[in-house]
Amino acid sequence: MVTLEKLRKNIPYISSMLFVVLFVYAASSKLFDYQQFQIQLGQSTILTAYADTVAWMVPTLELVLSFFLLFERYRLFALYACLSLMTMFTVYIILILYFSDFVPCSCGGVLENLSWKEHVVFNVLFIMFALFSILELEKRRNSKCEMI
Amino acid sequence: MKRIAGYKKIIGVVCLAIGSVVLLFLLSEKEVHRNNAFTRRFPPHPILKKRDFELGHNSYYIAGLDRGILYLGNPTTPLYLLKINLSSKDTAQFKIDIKESNLPFRNIKFRLYPPYFFMLDGTVPCIFRGRINEWIARPWSLDSAFFDVAIPVDSQRLIIRSFDGNSHSTILGIIDKDTSTSVSLKHGILEKQIDGVFDVDGILTYSTEPNLLSYVYYYRNEYIIMDSDLTVLKRQQTLDTVHKAHLQVAPSKQGAVTEMQAPPLIVNNNSSLDGELIYTNSNRLGKYEDDNMLDQASIIDVYNWKNDIYGYSFYLYKERSENINEIKVSNNTLYVLVGNRLSTYEIRNSDN
């Protein structure tokens with residue numbers, strides 16, 4: 001029970017670090033092969049019209065969020081943003097799987113080797129991390145307020 | 001609410017995220033598929049289905065038509081032709097006999113020009129010729145010019161689409177055995193808008209009666225009618241409003257090749273020329289057209305190029321996942337390669 005309690009307490013920290021690793025890795029592999037990334041996005045048939053904007057916004061956002069995740073002060077805010085970003089990625093994948101004629105990938109690095117189903121599971125896992133962390137942090141904040 | 005702190009915010013954030021991606025998707029879809037600037041006319045029952053032939057494969061192309069027999073080729077079995085007798089429904093596959101077969105063939109295509117057939121491979125490049133019913137292909141022109149499309153317009157002459165190294169663009173040309181210069185390239189027929197290669201891509205088709213060619217651009221609303229000397233007779237617009245190709249191309253990092261950056265907006269997918277009429281297959285929706293129609297059918301538009309008028313449109317019904325690979329119209333009969341089938345239709349509304 002003690003370990004479980006410990007895990008619950010530390011989950012915001014653990015998942016923040018996981019997000020940092022994921023985002024820094026994903027963003028840098030996208031930026032290293034930026035042109036390829038841009039082309040893949042453009043070919044996705046879903047965001048075609050906005051590929052240019054999205055192509056630089058996504059890695060930038062990932063890096064900025066990683067930065068904020070490092071500081072406890074901004075962690076809750078950053079986790080909300082992570083939750084929203086991961087949800088967006090997941091919706092994007094689902095839309096591609098069901099509504100697109102062909103399936104290009106623009107995730108970057110080893111993530112490209114995941115099958116689409118694995119990808120959804122992977123994303124949902126990270127969404128869960130974000131969710132639990134937010135709940136934990138919100139609870140802590142509320143109890144602090146009450147104490148004061 | 002105190003019990004689960006922040007759940008409202010979480011739901012809000014998640015809904016916002018889902019909503020924004022779906023919205024982007026819908027906006028992007030709309031931009032690609034729908035165009036409210038033109039209206040089609042769909043007269044009742046313009047075509048009558050005659051026959052379906054199950055082919056078993058979806059990779060066939062139409063090599064030609066000769067006295068009631070349609071010949072189909074297939075890049076996966078390049079030396080075989082499938083012969084379909086349209087009245088008796090008999091089908092048979094047979095092999096072409098090649099004299100001189102140690103060439104590095106990569107992309108063999110057959111084209112009929114009765115009483116001859118041509119065997120073409122623009123990557124070698126080489127052109128073989130033989131007689132229909134003998135089916136022996138003998139070298140006819142070797143090392144003439146590289147090409148990616150070639151259509152015989154005479155027993156001695158072919159129209160090719162090639163690449164011009166000087167202008168770095170796609171170009172049409174003539175290979176003629178009767179003249180001293182065997183290959184002549186014609187500048188200025190295909191009009192460059194962006195890079196001169198991707199943006200001028202299109203469908204070259206030929207009509208025997210009269211002896212004419214058409215070139216329909218994939219990415220803009222224009223078609224060109226030419227005679228067999230490649231003199232441009234007409235340049236005309238289709239219904240669509242896209243007159244500048246929507247393409248993004250970029251040189252690749254290696255520098256040597258150009259890549260498409262985004263899926264292009266395809267205005268015309270397929271085309272066939274039959275006398276004064278030109279048939280184009282477009283998957284762009286006009287005004288007052290049902291969105292779901294594209295799942296069940298492809299749209300064919302008919303134009304009279306001589307009078308520069310749009311005639312009418314009709315649907316070709318198909319399964320959702322099937323693609324129309326090729327259409328050909330000859331003597332008011334429409335041949336369609338769709339999915340694993342060949343379908344034939346009688347065109348009844350030909351007075352337009």
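This is a predicted model: local features need pLDDT of at least 70, side-chain atom pairs count only at pLDDT 80 or more; totals for chains, interfaces and linings use all residues.
Start with the overall make-up. Chain B has two helices and 27 strands. It runs to 352 residues, and 36% of them are buried. Now the contacts in chain B. Take those between residues at least 6 apart in sequence: 45% join residues at least 24 apart.

Next, one strand. Look at strand 23 of chain B, residues 297-304. Six of its eight residues are buried, so the strand is largely enclosed by the rest of the structure. Which strands pair with it? On one hand there is strand 22 of chain B, residues 277-282, antiparallel over six bridges. In that pairing, B:I278 stands opposite B:Y303. Then there is strand 24 of chain B, residues 309-317, also antiparallel, over eight bridges. Here B:N304 stands opposite B:I309.

Stay with strands 23 and 24 of chain B. They form a hairpin, with four residues between them. Check B:D308 in the turn: its phi is positive, about 55°.

A general point on strands. In a regular strand, side chains alternate between the two faces of the sheet.

Now the cores. The largest nonpolar core has 70 residues. Which residues have the most contacts inside it? They are B:L72, B:F118, B:I151, B:L158, B:I159 and B:L213. Take B:L213. Leaving out residues up to four places away in sequence, B:L213 touches B:V153, B:I159, B:L204, B:T205, B:Y206, B:M226 and B:S228. A second, separate core has 34 residues, including A:F19, A:A26, A:I96 and A:F126.

Key
Residues are numbered from 1 along each chain as its sequence is written. Chains are lettered from A and ligands numbered from 1 in the order in which they are written. A residue is buried if 20 or more other C-beta atoms lie within 10 Å of its own, exposed if 12 or fewer, and partly exposed in between; C-beta atoms are placed from the backbone. Two residues are in contact if their C-beta atoms, placed from the backbone, lie within 7 Å. Two strands pair if DSSP finds at least two bridges between them. A nonpolar core is a set of buried Ala, Val, Leu, Ile, Met, Phe, Trp, Tyr and Cys residues joined through C-beta atoms within 7 Å.
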